[in-house]
Amino acid sequence: MPVFRLSKEVLAGTAVLGAFAAGVIIGKKWAILHFGTRNMHNTLPKRDDPLIDYVLRHSLREHPLLKKLRLRTMEEPEGMIMVCCDQAQFMANLAKLICAKKVLEIGVFTGYKALNMALALPDDGKVVGCEVNNDYINIGKPFWKKAGVEHKIDVRIKPAIETLDELLVAGEAGTYDFAFIDADKQSYNEYYEKCLRLVRKGGIIAIDNVFWHRKVLKPDKNDTACQAIQHLNEKILRDVRVNISMITMADGVTLAFKL
Ligand SMILES: C[S@@+](CC[C@H](N)C(=O)[O-])C[C@H]1O[C@@H](n2cnc3c(N)ncnc32)[C@H](O)[C@@H]1O
């Protein structure tokens, strides 16, 4: 004889609640593992694709402090705007390949990509970051510090256009090795033009979100961000100042190699 007996209704209710709780926990874990959940929203490649899952599990070599920063960033309501881990690693590998020392980061957020870059650069290397929201930087800074690379990251809190103009006035044209454009989309064309001046010959400009969540396939006239990206994609295709590759990674990234 059991000590207590539960009615079928109570047992069924408990099972449903249990399944719901398990779903929430697994769902959260899935999102955290899938690095930058913005890519779960109908973008290429889909993060819930088992093949992409395989790729991540067999290629991501995430520094422990990058992982901690990612998990901390995902606690923020807007955490999903963080760059994708595999993409950040890819760009850091490219920076190493070209022996980069000076890097521009347009749109830093909590600095997952900036930290990736700082870890890849030599000790006298420098990441100049453009960001308007200091609260995001304050989230990232302790992680940069613990990783021992805080001295390599110099974030300017003001609109990116102003910072880029200041760098040009300071005579830094042609001195950057790598630039990553990942801030407000409406200004992408201006960022691209200024980066082309700041980056040296043989340097790389990486432009994020060039698929704009697949919307570039059917641009909406009222979506100004999509229009701006579409316009830049068309322009870069014909731009004789660069060689290009459009990579089907995350939300699409164009690599422009300055000639
Ligand atoms: C997609 S997030 C950048 C993600 C980041 N690259 C990473 O490693 O996770 C875009 C960032 O651009 C910043 N931003 C938006 N408009 C900006 C502007 N005009 N100037 C500088 N930063 C800007 C936002 O505050 C936000 O943090």
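The expected span of a helix is 1.5 Å times one less than its number of residues. Helices (H or I, at least four residues) and strands (E, at least two) are DSSP runs, numbered from the N terminus. The model is predicted: local features need pLDDT of at least 70, side-chain atom pairs count only at pLDDT 80 or more, and totals for chains, interfaces and linings use all residues. Residues are numbered from 1 along each chain as its sequence is written, and side-chain values use heavy atoms, leaving out hydrogens and water.

**Exercise 1.** Find how far helix α9 reaches, and which of its residues are buried.

*Solution.* Start with length: α9 (residues 224-237) has 14 residues and reaches 20 Å from first C-alpha to last, close to the expected 20 Å. Next, pick out the buried residues (under 20% relative accessible area; exposed is over 50%, partly exposed in between, with a 1.4 Å probe and protein chains only): A225, C226, A228, I229, L232, N233 and I236. They sit on the same side of α9, because their arc, taken from the directions from the helix axis to the C-beta atoms, covers only 160 degrees. Finally, look at what covers them: α8 (188-198), β5 (199-208), β6 and β7 (253-258) are included.

**Exercise 2.** Place M246 in the fold and list its contacts.

*Solution.* First, locate M246 in strand β6 (residues 242-247). At 46% relative accessibility, M246 is partly exposed. Then set aside neighbours within four places in sequence: M246 is in contact (heavy atoms within 4.5 Å) with V210, F211, N233, V253 and T254.
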